[in-house]
Every structure is written in structure tokens, then in C-alpha cells.
Amino acid sequence: MSNFIKTLFGDYIENLYNESCNDIKCIFENLNQVKLQNEYKVLKAFKDNKISDSHFKTTTGYAYIDLGRDGIENLYKDIFGTQSALVRLQFVNGTHAIGCALLGNLSKGDILFSITGQPYDTIKNIIGLNNVNEQKGSLKDLGVSYLECNLKDDGNFDIENIIEILNKNRNIKIIYIQRSRGYSLRKSLLPNDIKDIVKIIKSVDKNLCIFVDNCYGEFTDIIEPTNIGVDLMAGSLIKNIGGGLTPTGGYIVGNTDLIKNAAYRLTVPGIGGECGASLTDLRQVFQGLFIAPHIVVEAMKTAIFTARIFEKLGYDVYPKYDVKRGDIIQAIKLNTSDELINFCKEIQKNSPVDSFLECEPWDMPGYNDQVIMAAGTFISGSSIELSCDAPIREPYVAYLQGSLTFEHGQLAILNSIKKLIQK
Ligand SMILES: *Cc1c(COP(=O)(O)O)cnc(C)c1O
């Protein structure tokens, strides 16, 4: 094995590689436990719901009855430990699922209160935080107000401030928590970090609805936020929980009344989740879920390996390799915009799809700076597959996530390091 690395990458990288692999060994043992426990949970749900070949068939038209759709929703409900689930390929992405959860459950006069600071870019448009004309139908346009409280400098909840804001604003209806770091350097949240704040919020008013944006968080831990009192949660099917096989879609899980309201937003009042043809071979949705606990840990291993090897090279990385993770994102602070662009290019060049393309920074809608994105993926834009994005601004941070196999992660990272050292 070692000879193979030496032949491909030379002595210096082989040495770095061996030392890094040695340092991360015991963390991988813990992750293997996480993977085993989550696979147990998933397998049990498949057995309890008697999933069979008949669930994989697609339907057409209104689809009043759709065995596969009901089957997959029952699985999600059991795995997340919630009363209900809405899992649809008609959700165009995670943003759409989060949007339906919020828009369906907030009315004029209500307040949405984020306790993890500014949400992910695309969510700001749902709230109406970007002052542009297109935001007809945003929460702001509907008369829903918004408050926020930043995480403290140490990355933890600002409990005193949160309680004060809750007591002062009796119209707060939904508390918003973003689990993942998104594209920032804050830390990701573990279900256990969320547990205490849920208790505190419920002691102020047990009717407050606590929502979690769970994007990139699924199966990184042995429990999910819904297991510790979160009422409503949403995410994307082309991230963790789709296992790299599910072609598109999003999910919402939570209390039955809240899911019903969200479903009225996905379709229309009166119809909700009762209609909606599966449209595709659902086998990929079931199989993706089945392998997701394994795939998520492959992605986490790539993140940890990357953190260790770049730290050894003298770069700042967030989080460090030995910190417990609540998402699959690895941020690496590179020295110059050239280094950043070259790193992303190298990830693209070492992808199974479109490896021959040069990715370039471009003016992406909704962002102030140019953004570069490397995603040589089987499913367009899938970020459980190895991918990397970065806004071209200081600090020059690359956000790396995914990899369907740790082997792919290692090869892409070693190649990018080889390039970096050559320069
Ligand atoms: C990916 C992501 C979303 C949703 O993004 P989509 O691209 O619409 O699926 C929302 N919040 C966070 C933190 C995310 O990482």
C-alpha cells in the first residue's frame, strides 16, 4: 500500500500520508460505531415496514395511492422518531423543503427567531432578508417578522440573550436552528448541543415550535435533533440522507399538524401530501437511504483526513481533525486566491465525471463575490459526492464536502496537495 502511495506521490507526501493515517485511526473507530448504530436503525425501519419490491414501482397522475411514497415516508418517520414525514421528489432542493416548513407554519403577525445567527444564503430569500423585488411571497411579504441572535464567540448558544428576546416578544412562533456550519467558520452543532437549549426554550413556553435545518447533519451522530425534542426539521435528499443514489428531492419530519401545514404549501390547501406521483424508480430513494449511514461516514473520513493532512502542511482548518462533528463539511483556509482556485480545480480534475473540465470562478446569483464550484458528480450538484465550493474573497476558505468512497477522497486530496507543493 505504502509503496503505491510513494510511487504515485513521492516520498514527502507518502510520509505525510502515513503520519496522518496513523493520527486519525482511533477517530475512525468511533465513526465505525456511529455507522453501525445508524445502519441498525435503518435496517430495523425497513424490516418493521415490510419494504418489498412492490414499493419501488412508480405511479402516474394524481397518485392518490402510492405504496412507495407511503413506504419511504414511514421509514423517515421511524428513523427520525417523529409523528409524520413528508419525503418528496417534488421538493426541488433542501431550500424548498425548508421554505414549505416555514411558510406553511407561520402567519401574519408571527415572528421567526433564528438563534444561530444569519441563516444559509438561500434561506435569507425565504425570510425576505435581501431587499430585492423578487421576494414576493417571502415571509416578510406575508407579514411575518424576523429576529436573530448570534452564536457566542465560542460557538455556543447565547442563552441569556435568547431568553430575554423570548420574554420580550410573545409573538415568536418558530425558533430556527441551523445545524451545519454552512459556508461560514462557525462550528456545527451536535444533537447534544441542541438538547439543552430545547429544554430551556420549552420551559419559557412549551408551545414554541423548534425548527432545525438539518442539511449535512443526517447520520453524522447516533441521534438526530428530532430525538431530543425538536418539533420540525428539514433537509435535502442530494446530501447525506440520499446516500448518493437519490436523484433529487427534500424531506420534512416532525409533528403531524406541522407536517400537514407544510404539505399544504408544497401542493395546495386541501390536497397537501395526499397526491403527488413518485415519477421515478423509487428503488434509488430506498437504496440511497439504506446505504446512507455508510456513505456519510465515508464523507466524514475524507473530511477528517483532509483536516489532518492540511494541518500538518501548516494550514488552518475548521474543524480540526479530532473535534466531534455535526456535519460533513471541512473548511480549509488557503493562503491566496490562486491557491484556492487551484485547489478547487484539482478536486474537479480528480472527479469521476467531467474530470476534463476546468472550473472557473463565476458571478453566481445571490452572492456578492465570485464563487468557484468543483462538482464532478453523477447527480448534478450533489454534495454528498466529493465537491468543493469557495467564494473568492478573504479569508480564502475552501469548503469541501462529500465523497462516496473514502478512497476517492484520499486520491483527490493527495493529488491536490501534490499540485500545491509543486507550485
Ligand atoms: C445545502 C443547505 C441548504 C439547502 O440548500 P439546497 O441547495 O437548496 O439543497 C440549507 N441550509 C444549509 C445549511 C445547507 O448546507
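Colour by secondary structure to begin: the chain has 10 helices and 12 strands (DSSP runs, H or I of at least four residues for helices, E of at least two for strands, numbered from the N terminus). The radius of gyration, over C-alpha atoms, is 21 Å, close to the 22 Å from the globule rule (2.2 Å times the number of residues to the power 0.38), so the chain is as compact as a globular protein of 423 residues.

A word on ground rules: this is a predicted model, where local features need pLDDT of at least 70, side-chain atom pairs need 80 or more, and totals for chains, interfaces and linings use all residues. Numbering runs from 1 along each chain as its sequence is written, and side-chain values use heavy atoms, without hydrogens or water.

Now show the aromatics: the whole structure holds 15 aromatic pairs (Phe, Tyr or six-membered Trp rings with centres within 6.5 Å; planes under 30 degrees apart are stacked, over 60 edge-to-face, the rest tilted).

Select tyrosine 62 and tyrosine 64. Their ring centres lie 5.2 Å apart with planes at 25°, so this pair is stacked. Tyrosine 62 is exposed at 60% relative accessible area, and tyrosine 64 is exposed at 57% (exposed is over 50%, buried under 20%, partly exposed in between, with a 1.4 Å probe and protein chains only).

Next, go to tyrosine 76 and phenylalanine 80, a tilted pair with 6.0 Å between centres and 45° between planes. Both are buried. They sit 4 residues apart in helix H2 (residues 67-80), about one helical turn.

Last stop: select Tyr17, Phe28, Phe305 and Phe406, which form one aromatic cluster.
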